Amino acid sequence: MVALAEKRCILMKIVGIAVWQLDLPLTTPYWGSGGRLKIEKLDSTLVRVDTDAGVSGWGESCPWGNTYTPADGPRVRAGIAVLAPLLMKQDPRSLEAINRTMDTVLPGHQYAKSAIDMACWDILGKVTGMPLWRLLGGTEADLVAVTSSISIGPSDEMIALIRDAYSKGYRIHSAMVGGSDPVADIACIQAVEAALKSDEKVAYDVCRAWLPAVAIQVLNNVSVRGWIEQPCQTLQQCAHVASRITHPIILDECLYTFEDYLSAWRLGACEGVKVKPNRVGGLTKARQIRDFGVAVGWQVHVDDLGGSPLADTAAIHLASSTPAANRLASSLCYHHLAADPVPGQGARSIDGFAAPPTAPGLGVEPDITALGMPASVFRKGRRHA
Ligand code: MG
């Protein structure tokens, strides 16, 4: 037993990285940002990192289409092709070193790195016998509140979707709003607020659609019990709006790096943040940002940009490990998908809440026979496409 423990402690090297491409069609098109952004299908990348100890870990990088952030599926796989050869023989349990290598080899391009980082966390959990929520700082597998996801539309349609979500247990809704007509946006938000029951609230996700003047006009003419999310395009614009309204603001798409989150705090631009592992480069960096958010008193919503229940589950692990007072909610992408590569596995929404798995590591093991042939395999300097 001691010898095995010593072996696990001393000897472990990455010997292979296999990459799969998955098309994940949405059940219905998703509209956001004032109707500017339409998402119909996601291009996901799954990776399996293999070690010489016989332990493998899984990860997923899945941008939310190619219009939401500066990322898309093919670039994930192009980035992994650059990174994988340099990661051979490195110890996957040394997460900081793995991330330093990835940042040195390929500066930026965080969306390409998150699957590898996630897979290394999965390996660390498996060899230590601990689920990720514990490794990330949790004391027990806390349930995480899950938001419903309400696409933008006429207020009566949005209210119908909210009522349906309420009947399924959701008490926090993420509703897309925002256009160029302040009067219409005021009317929509007022109609939705008037239809809410006493035990539910809405985070209105503007998804960058408003100019600062529109945001200030709308938000000074509505009363909401929830949050206003990413009202404008840039951090500076959002900070300008935040200084002229009373609603709590949560920021999302203007935050990519730790420095961005630090700038948001220095500007007093928000009271909450979204932390998405795929956008910031993986669980290692997402945990750093989450810990900073807890330190400065933010409320934190952890989810991922998109993907199968594998990516959803990684985010739920980090969300669950966040102190309850700072844990806002999460959301799960699999609700939107017509495909499920890991049926029955991972964090799933039950009555508006999701629990992280208690098995060691990520707790999700894709069936490689169901995934089919990998798009590429990297082994000790060789690539088999
Ligand atoms: Mg958002």
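**Helix packing, step by step**

Reply: Happy to! In this predicted model, Pro212, Ala215, Ile216 and Leu219 of helix α8 touch Gln237, His240 and Val241 of helix α9.

Me: How many residues of the contact of α8 with α9 are nonpolar, polar and charged?

Reply: Ala, Val, Leu, Ile and Pro count as nonpolar, while Asp, Glu, Lys and Arg count as charged. On that basis, the contact of α8 with α9 holds five nonpolar, two polar and no charged residues.

Me: Are α8 and α9 roughly parallel or roughly antiparallel?

Reply: The axes of α8 (residues 212-219) and α9 (residues 235-242) come within 10 Å and cross at roughly 30 degrees. Angles under 35 degrees count as roughly parallel. So α8 and α9 are roughly parallel.

Me: How are α3 and α12 oriented to each other?

Reply: Helix α3 (residues 95-105) packs on α12 at about 110 degrees, with the axes 10 Å apart. The range 65 to 115 degrees is the one to compare with. Therefore α3 and α12 are roughly perpendicular.

Me: Which residues of α12 meet α3, and how many residues in the contact are charged?

Reply: On the α3 side are Leu95, Glu96, Asn99 and Asp103. Their partners in α12 are Thr284, Lys285, Arg287 and Gln288. By class, the contact has one nonpolar residue, three polar and four charged.

Me: What span should α12 have, and how far apart are its end C-alpha atoms?

Reply: Helix α12 has 14 residues, 283-296. At 1.5 Å a residue, α12 should span 20 Å, which agrees with its end C-alpha atoms being apart by 20 Å.

How values were computed
Residues numbered from 1 in each chain as written. Predicted model: local features only at pLDDT ≥ 70, side-chain atom pairs only at ≥ 80, totals over all residues. Heavy atoms only, no water. Helix = DSSP H or I, 4+ residues; strand = E, 2+ residues; numbered from the N terminus. Expected span 1.5 Å × (residues − 1). Axes fitted to C-alpha atoms, helices over the stretch in contact; angles between N-to-C directions. Parallel < 35°, antiparallel > 145°, perpendicular 65-115°, else oblique. Contact = heavy atoms within 4.5 Å.
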